[in-house]
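Subject: Structure for you to look over

Hello,

Please find the structure below. My notes on it follow.

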Amino acid sequence: MGAGANVNAVFGVMTMVIAVPTGVKVFNWLFTMYGGRVRFTVPVLWSIGFMVTFVIGGMTGVLMAVPPADFQLHNSLFLVAHFHNVIIGGVVFGLLAGFNYWFPKAFGFTLDERWGKRAFWCWFIGFYLAFMPLYVLGLLGMTRRMQHYDNVDWQPWLVLAAVGVAVILAGIVCQVVQLVVSIRDRAQLRDVTGDPWNGRTLEWSTASPPPAWNFALLPRVAERDTYWVRKKLAHAKDGPPTPPREYEPIEMPKNSATGFVTAFFAVVTGFALIWHIWWMAALGVFGAFVTLLVFAFRDREEFEMAADKIAQFDRGHQAEVAP
Amino acid sequence: MNVAVAIHDIQRDALPSASEAGPAPKRIVVAYGFWIFLLSDIVMFSALFAAYAVLVRATAGGPTGAQLFNQVSVAIETTCLLASSYTCGLMSLAVGSRRRAATYFFAVVTFVLGAVFLALEIREFAGMIAIGATPQRSAFLSSFFALVGCHGMHVAGGLIWLAVMMAQVALKGFRANVERRLFCFALFWHALDIIWVALFTVVYLMGALP
Amino acid sequence: MTAIRYDRAPGEQSTLTEEQGETASGRALVYTIGLALAVILTATSFWVANTSLLWAPGIPLGLAVLAIAQMGVHLVFFLHITTGPDNTNNVLALAFGVLVVFLVVAGSLWIMANLNDNMMPPPELMNLHMRH
């Protein structure tokens, strides 16, 4: 906007260059499924939905990287469709995949699969219904942030988009219902072994939720997928016997409310600076400073977790894993 | 012993290859993290520099740099900050060899030199505002006050930090975490002087040219 | 000698101990040399800016060179940044910081100059004054 051809050319090239490492990443993510037998659980559905949607969104981004095309499409609904395509496909779908995947580890019970699948399909179908028409609208000349419009050609596409919004709303409702149902049925959904997905990585070797010290003994990692290899060896009848576990005390950092209190004072300071309430701003800064001083002058920063407490917890977990 | 990110001491026996040596000592991890923060702070200053460079001619009929800047005052400020960087280095050496009296002495000298710098700068700002050369007068002055003022705020913050550190040395002695914090302070203080080199060159020396 | 440590913290002087020949005055000497060099460069900068020592159009470049040199003096003598293998991480982080600074400053100047060139000429030049 207002820049000459040289600047536009540089920005066009830089935008296209984004696609190169992104393409590498997409292949990385695809190849994580290589050699596996894919089970279409809720996290996997979200992950595949992410890869497909994010790639489409990225491609329309490269379309707009061409300066003459961008001259037409900048600040149109084509742009709006593109960035929602990448942030809903990328951020939201990825976030929900992670949420479903690691929820059992964090809270000790899995999420309901049925409602999870319903939520995914509503979100996925709803997203395409809501945002694909926006690409068309952008090409038909509709700009973003319009208070009212009077072009009848746009109306059918906007109605379709509205239907998509309703389907997404159903998806959000399904997410809430999933959480409610899972909490209600948490006794049946309890993650006893700490490994609900038969995972490959080391976090699944801890209890769900993990103890404050995470690992009772530092895992010895000599190859990729150490936990997977360890599980294979445990199943093999004539493998080497596992040595007895020797527990040591673990040094843990002490908890502190400093972050929370400082954040409170930061909010007060920010609010006061916006409205030029100088006394409140000074109070906020002073409060944050005093909190920092209290934290800095602590005498003990760590405490020691006793070996027998660790042993007690870990033996309990080992009993659950290999009954 | 289970470890998080860093360890207290390194083992003195022969270490295997770097990839098997385990986490680095806390002293290195903390200093490196602070170094990365300092670099991000310098990036923020570079944005203010860029804004200043773009707007240096936008004086809106008001006073220009050549009319406002006092070379003698800037020379004294530069000398003070450079000397304080030197005494900060000597303070670091005193901390390393656990000499308390020397630590306090060089810390006080560093503090005084930094305070003189700040006093001269505040006097300069007050003088400019008194004759109507306020940040609201022109884009040039807005960007000038933002850039030089931000550096001055960093110096003020550093002085407060230095005072708190001297209290910590008095109350806790040369504990490991106190030493790490003094180390980070030294990094901060040297970085501020580096920024001042760019500042006095671009703003005051180039600004005084016809 | 260097088998014990793989990294040096940024700002840390050499890891040599008393037995290995490093003395207290030796450590302080580094700072003194750095101060002397910095003073010389600063004085030269002020001299260049305020006299006709350099050809006038070349003064900004001369000042920039002196400033960069002095920043280098600070980094080497006060912050002990070296090119040794135990300092690689610090140098890499610094190099990346310098790259970002260069992009921000040079990029901003270039783009703003480009936009400025594309601005409409003032009304006097375009005969746009209203007729009364």
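A:Glu251 has A:Glu304 as its bridge partner, in strand 2 of chain A. A:Glu251 itself belongs to strand 1, residues 250-253 of chain A. Strand 2 covers residues 302-305 of chain A, and 4 bridges join the two strands, which run antiparallel. Strands here are DSSP runs of E with at least two residues, helices are runs of H or I with at least four, and both are numbered from the N terminus. Two strands pair if DSSP finds at least two bridges between them.

The side chains of strand 1 alternate. A:Ile250 and A:Met252 point to one face and are buried. Buried means under 20% relative accessible area, exposed means over 50%, and partly exposed lies in between (1.4 Å probe, protein chains only).

Before you go on, a word on the basis. This is a predicted model: local features need pLDDT of at least 70, side-chain atom pairs count only at pLDDT 80 or more, and totals for chains, interfaces and linings use all residues. Residues are numbered from 1 along each chain as its sequence is written, chains are lettered from A and ligands numbered from 1 in the order in which they are written, and side-chain values use heavy atoms, with hydrogens and water left out.

Salt bridges

The count over all chains is 12 salt bridges. The rule asks for a side-chain nitrogen of Lys or Arg within 4 Å of a carboxyl oxygen of Asp or Glu.

A:Glu302 and B:Lys26 meet in one of them, at 3.0 Å from N to O. A:Glu302 lies in strand 2 of chain A and B:Lys26 in helix 1 (residues 26-55) of chain B, so the pair joins two chains. Both A:Glu302 and B:Lys26 are buried. There is also a network: salt bridges with shared partners link B:Arg27, B:Arg98, B:Glu179 and C:Glu12.

B:Arg175 and A:Asp299 also form a salt bridge, again listed at 3.0 Å, N to O. B:Arg175 sits in the loop between helix 5 (139-172) and helix 6 (176-205) of chain B, and A:Asp299 in the loop between helix 10 (278-296) and strand 2 of chain A, so this pair joins two chains. B:Arg175 is partly exposed at 33% relative accessible area. A:Asp299 is exposed at 53%.

Within chain A, A:Lys117 bridges to A:Glu113, with the closest N and O atoms 3.9 Å apart. Both lie in helix 6 (residues 113-139) of chain A, 4 residues apart, about one turn of the helix. A:Lys117 is partly exposed at 32%, and A:Glu113 is partly exposed at 29%.

Chains B and C

Chain B has 6 helices and 0 strands. Its C-alpha atoms fill a box of roughly 70 × 40 × 25 Å along the principal axes. Of its 210 residues, 53% are buried. Chain C has 4 helices and 0 strands. Of its 132 residues, 28% are buried.

One position in chain B is worth a look. B:Ala94 is found in helix 3 (residues 71-96) of chain B. Its relative accessible area is 0%, so B:Ala94 counts as buried. Leaving aside neighbours within four places in sequence, B:Ala94 is in contact (heavy atoms within 4.5 Å) with B:Arg99, B:Ala102 and B:Thr103.

Interfaces of chain C

With chain B, 45 residues of chain C are in contact with 42 residues of chain B. The area buried there is about 3800 Å², and carbon and sulfur atoms give 82% of it. Buried area is the accessible area (1.4 Å probe) that two parts lose on being put together, summed over both. The rule finds 1 salt bridge across this interface. B:Arg27 and C:Glu12 form a salt bridge, with closest N and O atoms 3.9 Å apart. On the side of chain C that touches chain B, helix 1 (24-50), helix 2 (59-78) and helix 3 (88-117) of chain C each supply at least two residues.

With chain A, the contact takes 8 residues from chain A and 5 residues from chain C. The area buried between them is about 480 Å², of which carbon and sulfur atoms give 73%. The rule finds 0 salt bridges between chain A and chain C.

Best wishes
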